[in-house]
Amino acid sequence: MCDINDNGVEEEWEDDVEWSNKAEMDDLIAKSKQCKQWPKSQTAPEPTVPVSVLFPNRNFPEGQICDYTTSRRNDKEAQSREEEFEKELVDARKAAEVHRQARQWTRSWVKPGMNLQYICESMENKVRELLQSDGLEGGLAFPTGCSINEIIAHYTPNPGEERVLQENDVLKLDLGVHVNGRIIDSAFTMCFNPVFQPLLDAVRDSTEAGVRIAGVDVRICEIGEAVQEVMESSEIEIGGTTSSIKCVSDLCGHNICQYKIHGNKRVPIIKNNVKEKMEEGEFFAIETFGSTGPGYCMDMDGCSHFMRNYEAPPKVDPSVLNRSDLKVIDVIQRNFGTLAFCPRYVERIDSNLKYQKTINKLVHLGLLNDYPPLTDVDGSFTSQFEHTIAIRPTCKEVLSRGDDY
Ligand code: HZT
Ligand code: MN
Ligand code: MN
């Protein structure tokens, strides 16, 4: 007879086995080893087995499950609403598993002296390999952030940029993975000189404080207050001078919708009066940024992050678009839809495409939004940690939780 185990593997077994009989047991063990399939495990140190092979029954691991303060775990009605959410969650969990494996592998080899473009592309290619897809059915949800030092967010190398990671750099890797538009948006910070560790610890703890408070019916303003309290209770000494650590006040977390990295809810990371609540069925990116500088964002040159304006796309006179524009628009529509992209992602689809003028035009027309790199003042150091959570009917699920952060 056959049975299916948790990994979807057919297992042979026999009725009425005499377990005391050693010969029969040995025979059974020998038989079980001849099974057509055997539970696959991931290769180490480099993960190479696609997650669909590791979990053929799509039983991707749940994230961290947290009870709400007013526990809904045993609420019968809430339990019955879980079903509607399950399909989205399975896709999100698959994306989360790929996120964990790709980022943990990347963390193991990133070192000063490496080119930033090499770091990003290696991690991105690992996502594509483990997901066995690269496009609207699954892949990278946005350009991989690899902002360094005073650069807070939304920096990724543009083609031909040759910046190399330095010993005293503070590197934020912000990776977006999606499956059928269910996006995991999660980021972490790395440093190679331990003097920066207190900054990283303060920001990781602040994000944890935010994640802890988040939940169904929680007012969004409660999160910023807790985050700021934790962030600004620590300081850091770098080269003999002590600096306070400040929240980057103009950045915030956000809800996430299908194929849309930000919905219409923002989660400020300082004291605020956003009375809106988190609601059942929503996904949120809880992210905090800390800085040794003033904690204000300034736009930088050299934009790399672009995304279709899905808020209020204006009507545009089609005569302003030439044949070349239409070709670029077609590539963007088909490959990214409403997902954010960068010139590197466009070039790997069509290395001959002349896209820059069209992108500039589309930004000018308001059809595309640009998200320039954001920076604090020169000489400051900034850090980010970010998790994606699901506000489930019966509990909160920290989808991107790993044993690294
Ligand atoms: C925009 C464009 C991208 C969303 C947050 C974020 C990285 O700052 C409402 C609230 C990627 C992400 C985003 F290419 N941004 N999370 N991780 N950046 S945001 C935002 O623009 S919009 C926050
Ligand atoms: Mn992010
Ligand atoms: Mn985010």
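Let me begin with Asp-185, which bridges the manganese ion (ligand 3) and the manganese ion (ligand 2), the two lying 3.4 Å apart. Please note that this is a predicted model, in which local features need pLDDT of at least 70, side-chain atom pairs count only at pLDDT 80 or more, and totals for chains, interfaces and linings use all residues. Residues are numbered from 1 along each chain as its sequence is written, chains are lettered from A and ligands numbered from 1 in the order in which they are written, and side-chain values use heavy atoms, with hydrogens and water left out.

Which residues supply the protein donors of the manganese ion (ligand 3)? They are Asp-185 (OD), His-254 (NE2), Glu-287 (OE) and Glu-386 (OE), at 2.1 to 2.2 Å from the ion. Donors here are N, O and S atoms within 2.8 Å of the metal (3.2 Å for Na, K and Ca); water is not among the atoms, so sites may look incomplete. Along the chain, the donor residues follow the spacing D-x68-H-x32-E-x98-E. His-254 belongs to strand β12 (residues 252-256) and Glu-287 to strand β14 (residues 283-291), so this pair ties together parts 33 residues apart in sequence. Helices (H or I, at least four residues) and strands (E, at least two) are DSSP runs, numbered from the N terminus. Both His-254 and Glu-287 are buried, meaning under 20% relative accessible area, whereas exposed is over 50% and partly exposed lies in between (1.4 Å probe, protein chains only).

I turn now to the annotation. In UniProt, an unreviewed entry marks Asp-174, Asp-185 and Glu-386 as "binding site"; positions are given in the numbering used here, feature names are shortened, and annotations may be inferred rather than shown by experiment. Why do these residues gather at one spot? Although they span 213 residues in sequence, no two of their C-alpha atoms are more than 8.1 Å apart, so they gather there.

Let us take two of them individually. Asp-174 is part of strand β7 (residues 170-179) and, at 13% relative accessibility, counts as buried. Asp-185 sits in strand β8 (residues 182-191) and is likewise counted as buried, at 3%. Beyond four places in sequence, the contacts of Asp-185 (heavy atoms within 4.5 Å) include Asp-174, His-254, Glu-287 and Glu-386. The side chains of Asp-185 and His-254 also make a polar contact at 3.1 Å. That term denotes a pair of N or O atoms within 3.5 Å; within protein, one must be able to donate a hydrogen and the other to accept it, and residues adjacent in sequence count only if both atoms are side-chain atoms.
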